[in-house]
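Please look over the sequence and the structure below before reading on.

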Amino acid sequence: MGRPSPPGPLSRPTRPPPRERGNACGAFCQSLGMVVRLRSPSPGEVGRGGGRGGQGVRALFGLLLFLLLSFPPAAHAADRIVVGSKNFEESRLLGEIFAQLLESRTELQVERRLGLAGTQVCFEALKSGAIDVYPEYTGTGLVSLLGEPAELGRTEAMNRVRSEFLRRWNLWWLSPLGFENSFEIAVPKELAERERLATISDLARISGRLRGGFGHEFVGREDGLPGLEKTYGLKFASVEHLQQAIQYQAAGDRRIDAMDAYTTDARLLRYNLVILRDDKNFFPPYEAAALVRGETLARHPEVGAVLGLLAGAFDEDSMRALNFRLQEKGESEAVVALDALRALGLTGGGAESPEPEHRGAGFAAYLWSERQTLAKRTVEHLGLSAAALLLGVLVAVPLGLYLERKRRGAESVIRVLGLLQTVPSLALLAFMIPVLGVGIAPAIVALWLYSLYPIVRNTYSGVRDADPRAVDAATALGMTPGQILTQVRLPLAAPIILAGIRTAAVITVGTATLAAFIGAGGLGEPIITGLQLANARMILSGAVPAAVLALLVDGALGWAEKALRPAGLG
Amino acid sequence: MLAPVATPALEAVDVSKTYPGASGTPEGTAALAGVSLSIASGETVALVGESGCGKTTLLRTFNRLVDPTAGVVRVEGKPVAETDPIGLRRRIGYVPQDGGLLPHWRIERNVELVPRLLGWDRDRARTRAREMLNLVGLAPDIYARRYPAELSGGQRQRVAFARALAADPPIILLDEPFGALDALTRLELHRQFQTLQETLHKTMVLVTHDLNEAFRLAGRIGVMKKGRLLQLAPPDELTTQPADGYVRELLELRHG
């Protein structure tokens with residue numbers, strides 16, 4: 001099935017969907033990479049702070065407000081529709097296009113949950129009803145979600161996912177948007193012209209003289225390089241395993257001669273690369289389309305009709321051009337989406353540009369212009385953290401006391417909680433999804449799990465080690481175990497327990513930035529979006545407040561620790 | 001001459017305490033091995049011996065901080081095993097080595113501890129606490145509102161005495177009460193102790209490793225070794241008729 005993509009500089013989303021083919025792993029691994037980057041600010045955040053009290057009260061208030069306003073059921077008010085997307089530009093852009101189109105053509109209130117961490121998250125969110133629609137690719141549906149071999153042609157693939165998704169989950173694939181975003185093999189344009197390369201078969205002829213540079217996952221997967229080599233008889237002189245970002249750079253500098261890429265990635269344009277036709281149809285088709293809940297369509301038939309307007313609206317070139325504006329020019333998806341809809345004649349004429357561009361302005365000006373969003377994100381962030389911490393205290397303090405009482409097995413329980421601490425945050429968030437879906441609930445549960453260890457540990461050891469001579473005297477003079485606990489051990493352990501809560505609070509506030517990966521909002525939202533758009537200012541607009549927040553929380557709790565320290569102790 | 005008709009205040013009959021075997025001691029360790037003694041009301045008995053000889057363990061059987069594995073302990077004639085430990089402890093004063101004051105409570109609150117546990121009303125308990133502080137030579141106006149950390153070691157120990165006496169218990173157990181004090185302070189507190197003895201007539205058991213202290217303060221001295229009570233006698237009898245070589249050696253150390 002010839003991909004209609006003309007061999008020419010191709011562009012594609014930074015984080016291409018096909019990469020997620022096999023399973024969610026791709027998405028998560030990739031996100032984990034991001035986690036590392038995201039996490040790095042935390043040590044700084046975790047440092048000591050200088051703040052005063054009041055934070056707790058406000059956080060609590062924020063939490064209540066937050067829970068009232070945005071718990072999942074609220075998203076399901078009858079006249080609301082929630083649009084999701086994955087966490088790379090193209091998917092976000094399509095999500096934004098869906099959202100704007102629905103806003104302008106229906107009476108529905110549209111909520112955006114853009115940038116969810118990969119296929120699995122989106123899919124679970126859709127199944128659970130946390131979102132109503134998101135853009136998906138047929139190949140991903142076939143291979144990752146149905147777990148079937150990718151041997152079908154373009155039309156057959158669409159027919160297959162349509163019938164299976166309908167039968168199994170009552171999920172509807174709407175009309176294809178008109179373009180594919182597939183795995184491709186790209187080579188420098190100059191090389192293609194010199195060697196007259198148009199197809200991968202052409203490449204196979206001369207591959208013995210060429211250096212390949214491929215992504216780690218592509219090299220490892222049977223449906224990646226190994227299968228490709230078998231199908232086409234490719235044999236590169238050398239094969240390097242490279243990070244995606246480096247691949248483009250390396251190909252642009254002619255340090256490698258061939259690489260894996262995605263059809264609509266804008267960097268193909270920037271680095272002057274061309275795609276070779278997959279003349280033996282090795283790669284499955286990845287046709288983009290809206291994937292919608294059947295229940296949503298039944299409730300609001302207009303959703304199907306309106307999104308149907310986008311059938312065949314794009315092709316690979318136009319998509320690449322749109323991605324170019326997002327990836328290379330750093331424009332916001334709201335602006336690009338509006339332009340795209342205008343060009344298609346789908347929005348009512350002279351809508352003003354929804355977002356002013358701040359690229360020229362200073363960081364402070366940017367923060368100011370974003371203040372409303374940031375305030376909302378901050379409240380979300382504090383709400384998530386406070387909820388998790390509150391639950392953590394409610395569970396961990398009694399648990400610590402219980403373990404102190406039992407002693408036997410206490411250390412093992414604490415060790416297990418400590419192990420939990422070492423589970424990468426995003427992996428933990430990912431584990432939550434099948435059970436709790438996406439959004440606030442799984443994020444709170446994950447953060448809560450992280451908060452347990454420091455509090456349990458400190459409660460246990462604080463109470464256990466509370467001045468043994470005072471405890472002995474209290475016993476000898478006839479205090480009951482209950483009196484000893486409440487009047488002696490707990491007051492004496494209070495500073496240590498509070499120190500544990502403080503540690504947990506800082507961890508929670510720091511880790512809460514990751515909650516945005518599963519659509520729980522918070523200050524991680526601008527960080528993740530900024531990372532995908534390579535927009536440093538946007539990243540900082542989330543990272544700086546998050547760091548400040550962590551410092552303030554640390555400072556406030558440090559103050560509380562002092563204030564609540566029983567008089568008479570040092 | 002005649003055997004005392006009155007019930008002994010404290011009594012131990014063939015009391016043993018074995019701790020479950022630690023590694024390397026399959027039989028377990030015997031902290032007490034068949035100790036019997038009887039202490040009359042108003043008497044002060046010192047228990048002496050090297051560390052690990054069981055003197056503290058024996059002391060702690062009287063208020064059920066330790067439950068013996070064999071034998072019977074009686075307080076005022078009643079077997080403690082049949083007594084509620086909480087009530088028992090509130091009727092027995094206790095002075096540990098370093099005072100054991102609750103660091104987060106003011107001095108007066110520490111002294112009020114047992115009266116308050118016994119359900120006295122606050123005013124009565126507070127009045128009592130001030131009396132007790134006066135009794136041990138600490139001016140309440142100066143010390144009552146302080147925290148233990150603001151007092152010297154000797155002052156803290158006085159507070160511990162005041163606390164032990166506050167509910168007027170007939171029996172007081174003292175576990176190395178002067179152990180952590182410097183020589184001068186110790187001497188001062190010895191004097192205070194003797195005064196209290198003369199005025200209050202409590203039954204007291206004093207654990208100490210200081211023989212001079214035992215000779216000065218106790219009516220009778222019990223010498224312990226490896227969980228056994230070797231001899232229990234008044235100081236002069238101990239000197240003139242030591243029960244065995246160990247007691248004699250120990251007494252020689254006192255003069256050496």
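## A pair of strands in chain A

In this predicted model, strand S6 (residues 183-188) of chain A and strand S11 (residues 273-276) of chain A run antiparallel and are joined by four bridges. Within this pairing, A:Ala186 is found opposite A:Ile275 of S11(A).

Strand S11(A) is covered on both of its faces, with A:Leu273 and A:Ile275 buried on one side, while A:Val274 and A:Leu276 are buried on the other. As background to this arrangement, the side chains of a regular strand alternate between the two faces of the sheet.

## Two crossing helices in chain A

Helix H5 (residues 89-105) of chain A and helix H16 (residues 301-308) of chain A have axes that come within 10 Å and cross at roughly 115 degrees, and the crossing of H5(A) and H16(A) is right-handed.

Where these helices meet, H5(A) brings A:Phe98, A:Leu101, A:Leu102 and A:Arg105, and H16(A) brings A:Val303, A:Val306 and A:Leu307. Sorted by class, the residues of this contact comprise six nonpolar and one charged, with no polar residue among them.

## Where chain B touches chain A

Between the two chains, 20 residues of chain B are in contact with 20 residues of chain A. On the side of chain B that touches chain A, the elements that give two or more residues are helix H2 (85-90) and helix H4 (113-117) of chain B. This side of chain B has 14 nonpolar residues, together with three polar and three charged residues.

Key: Residues numbered from 1 in each chain as written. Chains lettered and ligands numbered in written order. Predicted model: local features only at pLDDT ≥ 70, side-chain atom pairs only at ≥ 80, totals over all residues. Axes fitted to C-alpha atoms, helices over the stretch in contact; angles between N-to-C directions. Left-handed = near helix turned anticlockwise from the far one by under 90°. Contact = placed C-beta atoms within 7 Å. Nonpolar A, V, L, I, M, F, W, Y, C, P; charged D, E, K, R; others polar. Buried ≥ 20, exposed ≤ 12 C-beta atoms within 10 Å, placed from the backbone. Pairing = 2+ DSSP bridges.
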